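Thanks for coming, everyone. Let me put the structure up and walk you through a few places in it.

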Amino acid sequence: MRVLIVEDEPQLARHLATALEGAGHQPCIAHDGEEALTVALGGDFDLLVLDVNLPRLGGFEILKRVRAAHLTVRAIMLTARGEVEDRVRGLQLGADDYLAKPFAMAELLARIEALGRRFPAEPQKVLRVGDLSLDLETREALRGGRCIEFSAREFALLKLLMREPGRVFSRTELCERVWEREHEYDTKLVEVFIGRLRRKIDEESDAPLIHTVRHAGYKIEAS
Ligand code: CA
């Protein structure tokens, strides 16, 4: 997990980072509250380890603003020992867990692992390539303000391409993965469906996203 450690005691912050790294995570450290908020809002973190008492901006305020920004990042608060009010307040503001200082590093690591099991990482709901976005729940795409609808096979084909922008898929691979081998050798079918996607996605745009790669196949990529 990508973890942002927000802790103003340099030695403890370093100690936390080393332990997290040892457990296979990618830690990043912020020492004061304002810096932490900027980093948290701009970065793509899975978890915040958030001290309550911080210079410039406190841990509760950071949590409040992170939740107001609808970030789905998980948060563990580091509270002072015995401060029941702190724990309650943290949980009310959207913390997922808390740990009272001083704590054993092994306990923090165990809590982090438990959080990972309780909330498996959310699967991506929207795929984007250039100005095209595809909503995997509604199966609708948006491009240049236009809403585009797809048949089930068109959607499956587009989703496959958009999951790996820039990668070239051969006709055979597309056929196998979208039509599940039914039409393994009927690669003409792929051409037909690529044609349909092009009409829906690229026809009204002067920056086509779907590209033919000679003797190789197709890819989707923003120029
Ligand atoms: Ca502190």
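His215 sits in the loop between β10 (210-213) and β11. Strands here are DSSP runs of E with at least two residues, helices are runs of H or I with at least four, and both are numbered from the N terminus. His215 is not a glycine, yet its phi is positive, about 60°. It is exposed, with a relative accessible area of 79%. On terms: exposed means over 50% relative accessible area, buried means under 20%, and partly exposed lies in between, using a 1.4 Å probe and protein chains only.

Before I go on, a word on the source. This is a predicted model: local features need pLDDT of at least 70, side-chain atom pairs count only at pLDDT 80 or more, and totals for chains, interfaces and linings use all residues. Residues are numbered from 1 along each chain as its sequence is written, and side-chain values use heavy atoms, with hydrogens and water left out.

Back to backbone angles. Arg139 also has a positive phi, near 65°, and is not a glycine. It lies in the loop between β7 and β8 (140-143). Arg139 is partly exposed, at 40% relative accessible area. Then there is a cis peptide bond between Lys101 and Pro102, with omega about -5°. Pro102 belongs to the loop between β5 (97-101) and α5 (105-118).

Now the overall layout. The chain divides into domain 1 (2-118) and domain 2 (126-220), with bounds from an automatic or database domain assignment. Taken over C-alpha atoms, the domain centres are 41 Å apart.

What holds the calcium ion? Its protein donors are Asp8 (OD), Asp51 (OD) and Asn53 (O), at 2.1 to 2.3 Å. Asp8 lies in the loop between β1 (2-6) and α1 (10-22), and Asp51 in strand β3 (residues 47-51), so the pair ties together parts 43 residues apart in sequence. A donor is an N, O or S atom within 2.8 Å of the metal, or 3.2 Å for Na, K and Ca; water is not among the atoms, so sites may look incomplete. Asp8 is partly exposed, at 29%. Asp51 is buried, at 4%.

Next, the cores. A nonpolar core is a set of buried Ala, Val, Leu, Ile, Met, Phe, Trp, Tyr and Cys residues joined through side-chain atoms within 4.5 Å. The largest has 29 residues, and Phe150, Leu158, Ile201 and Ile220 make the most contacts inside it. Elements giving it two or more residues include α6 (152-163), α8 (188-201) and β11 (217-220). Another core lies apart from it, with 20 residues, among them Ala40, Leu57, Leu63 and Val73.

Take Ile220. Beyond its neighbours within four places in sequence, its contacts include Val129, Leu158, Met162 and Leu209. Contact means heavy atoms within 4.5 Å.

Which residues of α8 are buried? They are Leu189, Val190, Phe193, Ile194, Leu197 and Ile201. Seen down the axis of α8, its buried residues fall within an arc of 130°, so they line one face of the helix. That arc is taken from the directions from the helix axis to the C-beta atoms.

Last stop: Val126, in strand β6. Val126 is partly exposed, at 28%. Setting aside neighbours within four places in sequence, it touches Ser133, Leu134 and Asp135. Between the C-alpha atoms of Val126 and Gly90 there are 30 Å, and the two are 36 residues apart along the chain.
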